[in-house]
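My entries follow the display.

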Amino acid sequence: MKPPQVTPAAIAQPTPQSLTLSGCWNALGIGTLEQQLGSVRVTVKADAVADASQIEAFDTVGAWLLQKLLSRLRSDGSGVSLQGLRPEFAKLLAVVAQQLGSKDPNQNRAASADRGATMLVRLGQEASAALAQGAALLGFIGESTLALAGCVAHPARLRWRPILYNIRSAGFDALPIVGLLSFLLGVVVAYQGADQLRQYGANIFVADLVGLSMLREFAPLITAIIIAGRSGSAYAAQIGTMAVTEEIDAMRTLGIAPLELLVLPKIIALVIALPLLTVFADMLGVFGGMIMARTQLGVGFGEFLDRFVKAVSLTSYAVGLGKAPVFAAIIAVVGCFQGFRTHGGADSVGRQTTRSVVQSIFLVIVADALFSVAFSVLDL
Amino acid sequence: MPAPSQSRENVIEVSQLSTHFGDHVVHSGITFEVRRGEIFALIGGSGSGKSTLLREMILLQRPNAGTLRVLGHDLGKLADAQALALRKRWGVMFQHGGLFESLTVLENVGLPLREHTGLGQRLIDDIAAWKLAMTGLAPEVHAQYPSQLSGGMMKRASLARALALDPELLFLDEPTAGLDPDSAAGVDALVRELRDLFGLTIVMITHDLDLLWQVADRVAVLADTKVQAVGSMSALAQMSQPAVKKFFAGPRARAAQEQSRQQERQSAAVPQGAEQIEVAS
């Protein structure tokens, strides 16, 4: 059997007082007839006839258009009558006529009114939403702190299994990517510095350059950014999906605090794992710098390490490492917070995940800048 | 669009259909047909393969053997263009709605029209709004997103979307599951009304005994990988196979049956809507 042939719907006006309708008046056959119908005019005041006997197919769309045409012509003052419509089509037309007749023309417009909101209104809405989110984040930090305090008071409530699991998934499993990227970063820093240092014959100072920049800034920052993208997003997606599937609600009704089960283990695990990853990144970054120093500047490993010990104080190392737990807390809290803000469906999970990554990277860099200011004031 | 000359043609023909997932046999040699203009129900216990059969009928899954003809096309031998044309001729209402989260209810219903026709935006919105009104959703709901709706409202919106292109064939997966009795009764009436108005053929999966007694013309009972029986509810009630009898035992089944009998007595004089269409055409 062939698929039914769709003859395009058509309207013709053989004489001024008659209309001939033909073809498939349905969603697929109506084509561009809609625009054409707007220009149909019946000039004669009375007794106009619309012949519908050639209509082959008829559905809601066709009925809707036909009824609109008829009521427009009638309101223009011509007494147009419809003839020859098949009985089953007429039944549908009657239903549509009833619906169109009862329809309040303002009904749809009201619904779409808020779409046309002005720029200023939207700006206000965005701003108040951002403020509300900030307040909610503050509230979430408070709740998490209270939960943490509760766990410190009763250490038996601390869940070690998820903590260890999270240390593995966010820490150990991230070793290759963190190691590779910080190694490359060390290579790049040494390479960029090599040219300048060679001009002054200050080749040995490459150890100062690589050591200080990697240990104080680059290693903690690149590690935090990788982990924000890797684990922060996973936290948001996991908690978000659980919120959508009502698992969080189920947890609450079973008397399990979601903060204790889902959030605290992640925060604690990341606060432990991120400094360890940073140490690893320090080592690989400096190693990358050493390799560049030897190939580009002729500074051997022994010389490099000699200078490195003198140039980089323990304070510098501690300053870099000290930032890591703060970054870890930011990433875990923002990831979990955005996860809990998921409501609705799958769409929302994706949105909150993106938001968690963007916000945690943003906050990590802001925190890093604040650290720099604080350290320079403290003269560290 | 009921074709008047062929008012009793088969819309769906399933013959010797077999499906298995690995070693697990779901269907073995299923044969039945659905006639134009009837409301056909598939029933069976959980895991009896109703949903798989439905998915095979709407081209979401392929059977391992046997033929499946829908609207005259053999689903096993469809070219992509034919499959698309066929998909426009049926509507599917999914059990959990299957509404797109990123679109409002009105946009969800208008989507098939926007994708497959060249109609203007205002006309699409008007028609989508009407379909929503037809399924009993208030205009306030139109601008909302699916996640803001209750389960019953989601089903109605999903039904409205299934009806967007005025299909000839409508598949309903558990149309009343999870609805309150009042809404479920509304669905009963709506399904009948739709059939009468558009001459629709409706295939549904349901466990709702009221819906089966009130609305279904014929019912196929799936059990033990086969169709155990096909017939009207009152015919099935007389049968003796245990798989069929299960549906007629118990207080709930008897109550639904009793209620249906009473209504039949009251409305014995009023002819069925579907017959009216056939006489008229």
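**Conventions.** I worked with a predicted model, in which local features need pLDDT of at least 70 and side-chain atom pairs count only at pLDDT 80 or more, while totals for chains, interfaces and linings use all residues. Residues are numbered from 1 along each chain as its sequence is written, and chains are lettered from A and ligands numbered from 1 in the order in which they are written.

**Chain A overall.** I counted 13 helices and four strands in chain A; helices are DSSP runs of H or I with at least four residues, strands are E runs of at least two, and both are numbered from the N terminus. Of its 380 residues, 35% count as buried. A residue is buried if 20 or more other C-beta atoms, placed from the backbone, lie within 10 Å of its own, exposed if 12 or fewer do, and partly exposed in between. I then looked at contacts (C-beta atoms, placed from the backbone, within 7 Å). Among those in chain A between residues at least 6 apart in sequence, 84% join residues at least 24 apart.

**Interface.** I found 35 residues of chain B in contact with 27 residues of chain A. On the chain B side, α2 (80-87), α3 (105-116), α4 (121-134) and α11 (273-280) each supply at least two residues. The largest share, seven residues, comes from α4(B). By class, this side of chain B has 18 nonpolar, 12 polar and five charged residues. Here Ala, Val, Leu, Ile, Met, Phe, Trp, Tyr, Cys and Pro count as nonpolar, Asp, Glu, Lys and Arg as charged, and the others, Gly among them, as polar.

**Helix pair in chain B.** How do α3(B) and α4(B) cross? Their axes come within 9 Å and cross at roughly 120 degrees. Axes are lines fitted to C-alpha atoms, for helices over the stretch in contact, and angles run from 0 to 180 degrees between N-to-C directions. The angle makes α3(B) oblique to α4(B); angles under 35 degrees count as roughly parallel, over 145 as roughly antiparallel, 65 to 115 as roughly perpendicular and the rest as oblique. Residues in this contact include V105(B) and L113(B) of α3(B), and I124(B) and L132(B) of α4(B). The contact divides into nine nonpolar, one polar and three charged residues.

**Helix pair in chain A.** I noted that α7 (residues 175-199) and α10 (residues 258-297) of chain A pack at about 35 degrees, with axes 7 Å apart. Their contact has 21 nonpolar, seven polar and one charged residues.

**Cores.** The largest nonpolar core has 96 residues, and A157(B), F171(B), I202(B), L212(B) and V219(B) have the most contacts inside it. Such a core is a set of buried Ala, Val, Leu, Ile, Met, Phe, Trp, Tyr and Cys residues joined through C-beta atoms within 7 Å. Leaving aside neighbours within four places in sequence, V219(B) is in contact with residues including A41(B), I43(B) and M233(B).

**Two single residues.** Q359(A), in helix α13 (residues 346-378) of chain A, is buried, with 21 other C-beta atoms within 10 Å. The C-alpha atoms of Q359(A) and V334(A) are 7.2 Å apart, although the residues are 25 apart in sequence.

Conventions: Contact = placed C-beta atoms within 7 Å.
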